[in-house]
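Thank you all for making time this morning; I would like to walk you through one model, starting at the contact between its chains and then moving to some local details. Please have the structure open while I talk.

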Amino acid sequence: MVSRGAAAALASFHSAWSIPDLVPASGPASTPAGPVGPVPRVPVRIRRRLPARQVLPTTPALFGWLGKRFAPGEATVWAGASSAIDRLLELLYAGSALAKGRISLLEGANRFNPYRIAEQGQALGLEPTPVLEGIHLARAFTAYQLVALVDGWSAEARRRRPTLLIGHELPALFDNPEELPPEEREPLLRHVSEQLAELVEGTGLPLLLTVSGGFAAFPGLAELGPRFSDLVRLIPRPAGVELGSAREGRRLLMVHRAPGQRGLEEFAPPDATQEVNPWAAPLPLTGRHSRNG
Amino acid sequence: MAEGWLFDVTEGRDGTSVVLWLKDGARGTITRRAEPFLPPFWVDGARTDLTDLARELEKDPRVAEATFQVLRPSLYDRRPRRVLSVVTRRNPDRRRVATTIDARGGYTRFHLYDVDLTPPHLYHLEHQLYPFAPVRWDADTVAALEPAETIDYALPPIRAAELEVNLQGCRRDGLVRGTESISTVRVGNVILEGPEEALLRTVREEVVRQDPDVLLTEDGDGADIPWLYRRAQAVGFNETTFFLGREPARFQPSRAAFSYQTYGTIRHREAAFVLPGRFHLDTGNSFLWGDAELPGLIEAARLSRLSLQTVARQSPGTCFTAMEMAHAREEGVHIPWKKNRPEAWKSGRKLLDGDRGGVIFLPPVGVHDHVDEFDFASLYPHIMVRQNLSAETLDCRCCPNPRRRAPGLGYRSCDRRVGLIPRTLEPLLVRRLAYKARLRRPGLSPLEREILQRRVKMLKWILVTAFGYQGYRNARFGRIECHESINAYARELLAGLLHSAERSGYRVIHGIVDSLWVRPLDPTHPPDPERFAETMSREFDLPLGYEGRYRWIVFLPAVTHGLGVPNRYYGLYSTGEFKLRGIGSRRHDTPVVLRRFEGELLQLFGRARTADEFRASVPRALARADAFAEQIREGTWPREELLISRRIVQELGAYVTFSDSVAALRQLAHHGIARAPGETIRYLVADRTARSWRDRVVVAEALRGDEPYDPGAYLELLARSAETLLAPMGVRREALLARWGLSSDKERGPYRSPESLVQRRLDETMEGIA
Ligand SMILES: [Zn+2]
């Protein structure tokens, strides 16, 4: 029951990939290049820890895979195309509700869309209210508001005891020179990074940071920010979306498969580092896909 | 001891004083009075940080003194605290020193107050003075004789003169580079011409001779004043030998022109050329002038403690904020710099409930008759006052179980102290009612009536803005939860009204924000609308006004989804008056030909007394559209009626695709004229398929009047306009174009939800606040 619903949700997630501007110029799935740029080597401290409990359910496979990226008291960074991040995040909210998790979200780009989150929840067989009740959030509309909210996040987290902290596009508000004098951008973001480090250290909670621009867009995050458990890159592929884990070198390729159709992955050479996560669902793009298959 | 009025306070040129411009009541002369004034700003932070900072500032040569004082810096502080007061040696250094301090604290450790208020503004606040205050003065003091909030105040005598400059060999709206020499200048009723140097000297002499208090221009910030300054400099005058104020001023604008972004649209702010001792008002660079004129602007200047020249160039939002500042300062609270209060943490569910806006009922698309319209006057400000909705009193710590909670959201209103917003708004509501009451008095002179009406309009603007401002991200004392609460109370109130309306024999067909459209359940026995309004006003303890009955009203659909959308309708009251919302005629950028077309259609429909008669006249309306199309196609339509206005959204170099706007910008650039993002361009479409900027359009500035134009482009616009008005009657743009022998393009705008349209309407009210 749940997994069929999940498949539908994943299908709607996939359909986002049919938007032309998300499809990259093409290339083999193993190319590490993406919109993110290289991971800073030295400063990013990636430490192996036990996966956090209860952040996400273990099935379907996508949630299991995403859940393994989190660790208590450490940060996981998602980078890549922002529309892909947003869709995946909406799925994660629903997945968290499924695991009876509680999310504390700091919204830095004003893209929290309760209607779409409710839809994703419904696809997983959940009522909208518990899904939305499971997320406590504050939206910043100026860079200064964001700083104030980050400063107060630890107190909020102690009050609310969430299972997962999420910072959505925290640097976004710092990029408009009309709103924020350019000389303030870096010191403020470095301050934010320090505060985030204190936040996870103090609460012992896993933190997910989505930064579509990667580390380059977030001065101070690599050097002053929290310990990192993993960096996940979201790379649009013609067949779907590829999620790459920097820590394990493992990739999850989300491809689409029409009902009754055999997946491409069955014919592909076995690749120990790549999981393929096909799902069956009514396909918006069946025409093209079945011709290829 | 003298009596008169305080006209204005301006910054002294020495950087350490302000200049008071006083009008002597007995002699009518203007007195200039310089007052040393070095206002402090305030720094709040951790004790050790402040101590270190104070030591550091001792070494800063720009700082005169940094001392500790105990006060209540922020609106959210319940008790006074020890903060650092910083006084600079010169006022122009205030902001620079503040920036240094902020940087020293990493932009996070210090909170600064009273930094970005101008010395004249601070002078008003610290001395309980305000523009146009009746004052008494002697060698030591200048004191106001009544508070700024006085309702019946006398206006000082004000002399105004118009100023208009014309350049050699060009129309004012033509291809002006601004380097041309000056041909004529009009000061009041005197027109001056002659060799340029003598002409400019005479202009100066004439201004001195007439000595107006107000120089009125139309586009003086963009044209007349900079033209005069530029030519004065070119022929050898300097700032001390040629000036238009009552003392010399710099030839530079006091604020340069700039483009900025607000609510996703690019806007342009014209430069400001203000004068010391004399007001320069540019009616073309004033959002409020059209409605407020001098009486309304003086009302706003008094209440906001901002100079008339500032108020004229600002949005109602800025005036409202300044009024809040005045009330805050009365309470001893200071004005925060840069930072305001972020949103509170809340569940996704609560956010969804809070974001619902004010829509109650989407309008039924189509033409209706027997419709009565009612409006709550100043519903939102009344709610803010009555429910004590203010950033610092919402969810206060002192009242865990208060009398008032926002419906469905639960935000608590403080019972113990009145918030800043209600304190600011209540006197405005009282004034507006008082002025309206005076307007009903018999025997008012036309001048008295005019003055009162202008004040009422000004207050209406400020009251409208006060609500939207609560949700504005940069509002100094705003808070999103207040915005949400206001909507929640309004929705509850309107929902209650629905039931009462049905009990009274009405069915509500459309309700939004503070307006209600209803039909009688039995049209043959309609309820008495005046009585209904009275009953409801009593029941809800809010003034519900009867706007009138419509002979017919057409609610328009959104082009994208065909459903009714708020605030797009047109209708004819039984008085014969039209009410138009969201159609072309209401927009300034609609080409005259389309306004003319809509005007003719409305005239035609104006004869219909019922919805059936309206429907019966649709074929005649289509015949009018055909006639317009025919004449446009002939190519004989007067060109100036075909000019299209567009706002520039980016720099010329940033445009990726070639469009009419790009062609127009190129053409202007070719003539040496630059236009910034946010400014408007006007052009005739000559050939919309042309790939060359020379052939595609003709900019208005270069229009001769006999150029060929592209009939297809205008038939397209005509079809769109006809569809806007007649869509509920099944008229489609594509069908019209086919009937006129043209195929249509398929593009449609993106989907917009009704809520987003309401939001946009509010946003439009807020535009220009930044
Ligand atoms: Zn209280």
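This is a predicted model: local features need pLDDT of at least 70, side-chain atom pairs count only at pLDDT 80 or more; totals for chains, interfaces and linings use all residues.

Across the interface of chain B and chain A, the rule finds 10 residue pairs in polar contact, both residues being at pLDDT 80 or more; a polar contact here is a pair of N or O atoms within 3.5 Å, where within protein one must be able to donate a hydrogen and the other to accept it, and residues adjacent in sequence count only if both atoms are side-chain atoms. On the side of chain B that touches chain A, strand 14 (258-262), strand 17 (346-347), helix 9 (348-354) and helix 13 (480-503) each supply at least two residues, and helix 9 of chain B gives the most, with four residues. Helices (H or I, at least four residues) and strands (E, at least two) are DSSP runs, numbered from the N terminus.

Residues are numbered from 1 along each chain as its sequence is written, chains are lettered from A and ligands numbered from 1 in the order in which they are written, and side-chain values use heavy atoms, with hydrogens and water left out.

Returning to the interface, the same rule-based approach finds three salt bridges between chain B and chain A, a salt bridge being a side-chain nitrogen of Lys or Arg within 4 Å of a carboxyl oxygen of Asp or Glu. In one salt bridge, the side chains of R473(B) and E179(A) meet at 2.6 Å, N to O.

The size of an interface is often given as the accessible area lost when the parts come together. For chain B and chain A the buried area (accessible area, 1.4 Å probe, lost by the two parts on being put together, summed over both) is about 2,500 Å², and carbon and sulfur atoms give 61% of that area. Y107(B), W345(B) and R473(B) supply 31% of the area that chain B buries against chain A, more than any other three residues. Counting by contact (heavy atoms within 4.5 Å), 26 residues come from chain B and 30 residues from chain A.

Because 13 of its 16 residues are buried, helix 6 of chain B is largely enclosed by the rest of the structure; buried means under 20% relative accessible area, exposed over 50%, and partly exposed in between (1.4 Å probe, protein chains only).

Finally, consider S500(B), which is found in helix 13 of chain B and counts as buried at 2% relative accessibility. Its side chain is joined to that of E539(B) by a polar contact of 2.8 Å. Leaving aside neighbours within four places in sequence, S500(B) is in contact with F532(B), M536(B), E539(B) and F540(B).
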